[in-house]
Every structure is written in structure tokens, then in C-alpha cells.
Amino acid sequence: MIVTITFSPSMDKSVSVKQLLPETKMKCFDEATYPGGGGINVARVLTRFGCDVTALFPANLFNVPFFKKTLGAENVLFVVIPTVNETRESIAVFDEQSQKQYRLVMPGNTLSPTEWSNCLRAIKKLKEVNFIVVSGSLPKHAPPAIFSQLSKIAMAKKAKLVIDTSGKSLKKAIEVPLFLIKPNLEEFGILIGNKGLKRAALKKQAQLFLNKYPCEFLVVSLGSKGAMLFNKEHTFSITPPTVKVKSTVGAGDSMLAGMLYALQKGLDMKECLKTGIAFGTATTLKAGTSLCTKADVAKLMQKMDR
């Protein structure tokens, strides 16, 4: 089983407007609201592809009915840890005139020490876990030892620990043994103290990183140019087909889901990277926060096989 952990879940709302203007009452249309946050998106995608996955996340009891309704509609299994603070909302606004999307991401709500402990206790209770996937940002004042604690749980379960976060959280995460991390190029540059890192220097810096830290695989996302995957012996690079992007919300989460899907199928790492890119690219074809579909992934995989 794959368990995804989202310490900062959200209710992702998307709308469209004719034109985004200041100090103007703008009528919104194409409104949709989905459960969001990195790990929740990963679980939503994996469920669509028939994987055994459970999404674990904290949420205020007032907001739990929303998650029950929306995740239930997609048959996503989940475990919710009750919290005092309400769950955040995030908003994506699509401007039809400019064909651009604007994303307003609210900060994650603070968890109490008891709520953090309850999250870890719930993870420990899960049986037969192969992958523990921590995806998304961490709330303010996260326990300094949170990744160390997660690493110990993963080792006790003989599970692979996958981290997809950024900033200070990622710097803390790489101190413990990890199976895989997935920063983008900018995030990786900041992580290694090389802000403004260029793709030409990426391979060298990736190998230096893998020799220094206890991380088995490093995947660096390059946006529309695809991604590169590194371990100590190999480097793989794959570029996706050119598509008309409607939304980038959840694309990175979908990419991670695709890689996990391929790993569960026993595919080699190059195929895992290709599958991940197909999943992520397929999500960009959808408006708002809809995420990828099987049909779009299949079409993209065919194009990438030619």
C-alpha cells in the first residue's frame, strides 16, 4: 500500500473571469472546488489508476464533510486527524483574455503538538505500507524532528520514504535516509546553495548532492522541458510532447503519482520517469484542479513511445 501524508491540506477552488481587473466587480464562472494539497492530489490520481493508496491528513471537523463528499465521490480512501484550526482554501483564477492563470495559495494552518502526535500515531497504525509519501508544504512551527520521526516509522515498516516539499522543510528532510525527492530546478538550486542554478550544471550538482546526502533518487522537474532523474550510477532525461496548457495546478503531484504507479508495476527508473511526465503533462490539459485522466495519459504515452 501507498500512504500519502498531507500536513497542509486545502480546499482548492478554481474560477474563470473574462478579464482580471483591479477595483472591479468581476463575475466568475466555471467554478469548481476539489480537495487539495500535495499528498491528497497524489492519492486522487493513484486511485484513478487502481492503486492501493490511503490519504492521511489533518482537518477541522467542520471541514471533514467536504472531504468525505469529494474524496468519497472519487473512491479515495482516507484517514483524517481532527484539528482545531479550520482547513485552508486556495484559489486559482483563469483570465480568459490573457489566457493566464493566477494562483492564490494560503498558508497552512498551525497544528498543535497533540495534533502532530496524532498524525504520527495514525501513520504507525497503518499496515503493510510499501511507500510513505510526504507531499506538500508543512505548516508553520512544524516539529524540528518530524522527518526524523517519519524516517524511523518508514524503517520500522520497511517502507520507502518519498518527500516532495520545498524550502526549509526540504533542507530538513534531506538529513534523513530517503528513497526519492522531487524538487524543481529552482528549488534544487536553493537547496544546495546555488540560487539561479542552470540546467547545464545540473548533472554535476546532482551527483555531488547524492554523494553527500542519504537520498537514493533525485528527480528534478524542468516544467515544460520535462524532468531529469539521477542516482549515483545513472542519469535519465525525458522531454514531454508539446501541449496547450490549461492549468498547472496539481501537475507536479500528478507526476509523482505517475512515478509511484510505475514503481508499483515494477518498471525501471527510466520508465518511471517517462510515466511520471505523462501523468504530469496530462494534468496540464485540464482546467482548474481536475487532474489527469487515463485517456489523456494513454495518448501521451503513445506519443512518447514513438
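This is a predicted model: local features need pLDDT of at least 70, side-chain atom pairs count only at pLDDT 80 or more; totals for chains, interfaces and linings use all residues.

Residues are numbered from 1 along each chain as its sequence is written, and side-chain values use heavy atoms, with hydrogens and water left out.

**Entry: α8 and α9**

I looked up the packing of helix α8 (residues 251-264) with α9 and read an angle of about 145°, with the axes 7 Å apart. Axes here are lines fitted to C-alpha atoms, for helices over the stretch in contact, and angles run from 0 to 180 degrees between N-to-C directions. Helices (H or I, at least four residues) and strands (E, at least two) are DSSP runs, numbered from the N terminus.

From α8, the residues in the contact include Ala251, Met255 and Tyr261; from α9, they include Leu273, Ile277 and Phe279. Contact means heavy atoms within 4.5 Å. By class I noted 12 nonpolar, seven polar and one charged. Ala, Val, Leu, Ile, Met, Phe, Trp, Tyr, Cys and Pro count as nonpolar, Asp, Glu, Lys and Arg as charged, and the others, Gly among them, as polar.

**Entry: α9 and α10**

Next I followed helix α9 (residues 269-284) to helix α10 (residues 294-305): their axes come within 9 Å and cross at roughly 130°. That makes α9 oblique to α10, given that angles under 35 degrees count as roughly parallel, over 145 as roughly antiparallel, 65 to 115 as roughly perpendicular and the rest as oblique. This crossing of α9 past α10 is right-handed. Among the residues that meet are Ile277 and Phe279 in α9 and Leu300 and Met304 in α10.

**Entry: the sheet**

I then traced an open sheet of four strands, in the order β3-β2-β6-β7, with mixed pairing. β3 and β7 stand at the edges with a single partner strand each, so one side of each has no neighbour in the sheet. Two strands pair if DSSP finds at least two bridges between them.

Strand β6 (residues 88-95) and strand β7 (residues 100-105) pair in the antiparallel sense over six bridges. I checked two partners in β7: valine 105 for serine 90, and glutamine 101 for phenylalanine 94. The hairpin of β6 and β7 has four residues between the strands, and glutamine 99 there takes a positive phi near 60°. I also saw helix α2 (residues 64-73) lying across β2 (10-17) and β3, at about 100° to β3.

Is glycine 37 buried or exposed? At 8% relative accessibility, glycine 37 counts as buried; buried means under 20% relative accessible area, exposed over 50%, partly exposed in between (1.4 Å probe, protein chains only). Glycine 37 is in the loop between β3 (29-36) and α1 (38-48). Residues touched by glycine 37 include Thr6, Asp12 and Asp253.

Histidine 141, in the loop between β8 (131-135) and α4 (146-157), counts as exposed at 66% relative accessibility. Leaving aside neighbours within four places in sequence, histidine 141 is in contact with Thr110 and Trp116.

Methods: A crossing is left-handed if the near helix is turned anticlockwise from the far one by less than a right angle, and right-handed if clockwise.
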